[in-house]
Amino acid sequence: MSGCFHYFYLYFNHLLTVQKRAISASISNVSHILINVSITFYLIKYQSLTYMAAIYALLISNILMSIFSFSLNFSYLIPKFSFFNLKKSVIFSYAEVPSMIVGLLYESFDKTMLINTKGTNSLGYYEFGSKFAIILSAFMGAISKSFIPFFMENAEKK
């Protein structure tokens, strides 16, 4: 349950980043950490909880921050349909197609390799490659998060 609320929090916080509302996104990030630490400290010190304090604190902070992030983005979640915006969205989405194709190929390769594995040596090589790919994926994700708003702004200006 905490993971679901954390996903919503990250999604709405990413929307703040895309909208170039850096101050709101920063406040949200700092608040999430402070709420989590404060609740954990309270539960350990005053309620005599041990490892469960961190779990409960994370759940509570994820719920609170997902609601807070949702409220910051509420005006953008009201459906407004127009064919002009649909056409613009389809045109701008072409920039994401190559990355989606690479992701699908990566997932299909994983499944195919694991099904056809004979021996543990190849699994070791696969695990090493997988760890390396995770680092590359994080790097590409960071570039993507900063490039997409820049691309969209410049694409809109033609």
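Accessible areas are computed by the Shrake-Rupley method with a 1.4 Å probe, and for residues only the protein chains shown count as cover. On this basis the accessible surface of the chain is about 12100 Å², of which 73% belongs to carbon and sulfur atoms.

The model is predicted: local features need pLDDT of at least 70, side-chain atom pairs count only at pLDDT 80 or more, and totals for chains, interfaces and linings use all residues. Residues are numbered from 1 along each chain as its sequence is written, and side-chain values use heavy atoms, leaving out hydrogens and water.

The chain contains six helices and zero strands; helices (H or I, at least four residues) and strands (E, at least two) are DSSP runs, numbered from the N terminus. Of the 158 residues, 18% are buried (under 20% relative accessible area; exposed is over 50%, partly exposed in between).

Helix H3 has buried residues, among them Ala53, Met65 and Ser69. The buried residues of H3 pack against helices H1 and H2.

| Helix | Residues |
|---|---|
| H1 | 2-18 |
| H2 | 22-46 |
| H3 | 51-72 |
| H4 | 83-93 |
| H5 | 97-115 |

A nonpolar surface patch of about 860 Å² includes Phe81, Leu86, Tyr94 and Leu105. Leu86 lies in helix H4 and counts as partly exposed because its relative accessibility is 41%.

Methods. Patch = residues over 30% accessible without salt bridge, like charges linked within 9 Å, V, L, I, M, F, W, Y side chains within 5 Å. Salt bridge = Lys/Arg side-chain N within 4 Å of Asp/Glu carboxyl O. Buried < 20%, exposed > 50% of the residue type's maximum accessible area, 1.4 Å probe, protein only. Expected span 1.5 Å × (residues − 1). Contact = heavy atoms within 4.5 Å.
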